[in-house]
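Colleague: Please take me through the charged side-chain pairs of this model.

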Amino acid sequence: MTDITEYLEAVAQGRAVPNDWSRPQWAVSYPIFAWLGLAPPLPSPRPQGTVISDSDLEALCAHMLQRFVDKSNCLVWSSYLLGTAVEAVAAVVQGPPEPLVQSVWDFLKNLELTETVYQFCRSFGREVLVRFRGDPKWKLEWTQGIATDSQSALRYWVLAVKPEIWTGAVETATIKSLRSHSFSKL
């Protein structure tokens with residue numbers, strides 16, 4: 001029996017690993033595996049009451065982000081790819097795709113804010129906003145602390161889904177961080 005992290009490691013190493021997609025943990029995470037192109041067509045119906053562990057979901061979302069980085073380590077995306085990614089995670093968690101937002105946040109921590117990174121954050125934030133504005137299951141309080149410039153760009157575009165946590169202090173810190181970059185146009 002292979003767990004999700006082992007499966008992702010095997011795929012990354014180019015090893016084929018047989019899998020039983022009818023097992024609950026695998027069936028519930030099927031939308032993400034399908035988005036990644038790692039699952040066969042025609043899944044079993046989602047088992048009722050089954051959830052995926054936080055660590056497995058974190059591993060899957062981190063693996064998803066690899067699709068947004070090309071061989072030269074540059075961010076690449078399309079609205080379609082971003083939209084289907086947030087929808088896949090939402091289908092797995094049966095709510096807003098906060099785990100994917102968290103993975104993007106973590107990914108951006110050590111990434112310099114460039115115009116490309118800013119535009120990625122903008123596009124990602126718009127996809128999240130269009131699909132999940134006002135969903136009561138959003139938490140996002142974890143975005144209110146100290147943030148790098150790249151994380152501030154993500155926060156600027158994503159917090160529109162839960163405007164009540166866009167406090168004066170968060171706004172001041174975010175705008176101050178982004179104003180130092182001419183491409184942010186703030």
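**Salt bridges**

Modeller: Helix α7 holds both Glu127 and Arg131, which are four residues apart, about one turn of the helix; helices here are DSSP runs of H or I with at least four residues, numbered from the N terminus. The model is predicted, so local features need pLDDT of at least 70 and side-chain atom pairs count only at pLDDT 80 or more, while totals for chains, interfaces and linings use all residues. Residues are numbered from 1 along each chain as its sequence is written, and side-chain values use heavy atoms, with hydrogens and water left out.

Colleague: What is the N to O distance between Glu127 and Arg131?

Modeller: A salt bridge requires a side-chain nitrogen of Lys or Arg within 4 Å of a carboxyl oxygen of Asp or Glu. The side chains of Glu127 and Arg131 form such a bridge, with an N to O distance of 2.3 Å.

Colleague: Which residues are linked with Arg131 in a network of salt bridges?

Modeller: Arg131 also forms a salt bridge with Glu87, with the closest N and O atoms 3.0 Å apart. This pair links distant parts of the chain, 44 residues apart, from helix α7 (residues 115–132) to helix α5 (residues 79–93). The network with Arg131 therefore comprises Glu87 and Glu127.

Colleague: Is Lys162 buried or exposed?

Modeller: Lys162 forms a salt bridge with Glu141, the closest N and O atoms being 3.5 Å apart. Glu141 is partly exposed at 39% relative accessibility, where buried means under 20% relative accessible area, exposed over 50% and partly exposed in between (1.4 Å probe, protein chains only). At 13% relative accessibility, Lys162 is buried.

Terms used:
Helix = DSSP H or I, 4+ residues; strand = E, 2+ residues; numbered from the N terminus.
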